[in-house]
Amino acid sequence: MKILKNIGIALFVVITALYALDTFLPKQPTERVVQTLTFSGKTVHLVLRGEGPINYKTETADGTLIVNGQKLDLSDGSEFTIAFMPDGKFGLRKGGP
């Protein structure tokens with residue numbers, strides 16, 4: 001009987017510790033693909049990091065991709081990811097999502 005009590009206490013401590021870790025550790029924002037497009041033979045993935053709506057505008061001018069008024073350099077690679085944050089800022093990186 002005492003062994004069952006000790007196992008119960010141990011399980012309670014482990015479950016409590018795991019809950020505390022999950023609650024207090026910072027969480028990585030999730031990424032979800034919003035749109036994938038092909039531009040000048042290159043694949044560009046638009047992803048949203050975190051939750052919420054996203055507003056963006058893409059256009060082209062003189063063979064350049066422009067996102068929210070900012071020209072992007074897609075010369076070094078064939079696949080890129082544009083990651084939007086919920087506050088509207090974004091970053092460009094090589095590779096897929």
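Here is a short chat about a few residues in this predicted model.

Colleague: Why is His 45 called buried?

Modeller: The cut-off for buried is under 20% relative accessible area, and His 45 has 10%, so His 45 counts as buried. You'll find His 45 in strand E2, residues 42-49.

Colleague: What makes the His 45 and Glu 79 side chains a polar contact?

Modeller: Their distance is 2.7 Å, and the limit for such an N or O pair is within 3.5 Å, so the pair qualifies. Glu 79 also turns up among the residues in contact with His 45, a list including Gln 35, Thr 36, Phe 80 and Pro 97.

Colleague: And Ile 3, how do you know whether that's buried or exposed?

Modeller: Exposed takes over 50%; Ile 3 comes in at 60%, so exposed is the word. Ile 3 sits in helix H1, residues 2-24.

Colleague: Which residues are in the largest nonpolar core, then?

Modeller: There are twelve, among them Leu 37, Val 44, Leu 48, Val 67, Phe 80 and Phe 84. Strands E1, E2, E4 and E6 each supply at least two residues of this core. In soluble globular proteins, nonpolar side chains tend to be buried together. As for Leu 48, its contacts include Val 34, Ile 54, Phe 84 and Met 85.

Conventions: Residues are numbered from 1 along each chain as its sequence is written. This is a predicted model: local features need pLDDT of at least 70, side-chain atom pairs count only at pLDDT 80 or more; totals for chains, interfaces and linings use all residues. Side-chain values use heavy atoms; hydrogens and water are left out. Helices (H or I, at least four residues) and strands (E, at least two) are DSSP runs, numbered from the N terminus. Buried means under 20% relative accessible area, exposed over 50%, partly exposed in between (1.4 Å probe, protein chains only). A polar contact is a pair of N or O atoms within 3.5 Å; within protein, one must be able to donate a hydrogen and the other to accept it, and residues adjacent in sequence count only if both atoms are side-chain atoms. Contact means heavy atoms within 4.5 Å. A nonpolar core is a set of buried Ala, Val, Leu, Ile, Met, Phe, Trp, Tyr and Cys residues joined through side-chain atoms within 4.5 Å. Lists of a residue's contacts leave out its neighbours within four places in sequence.
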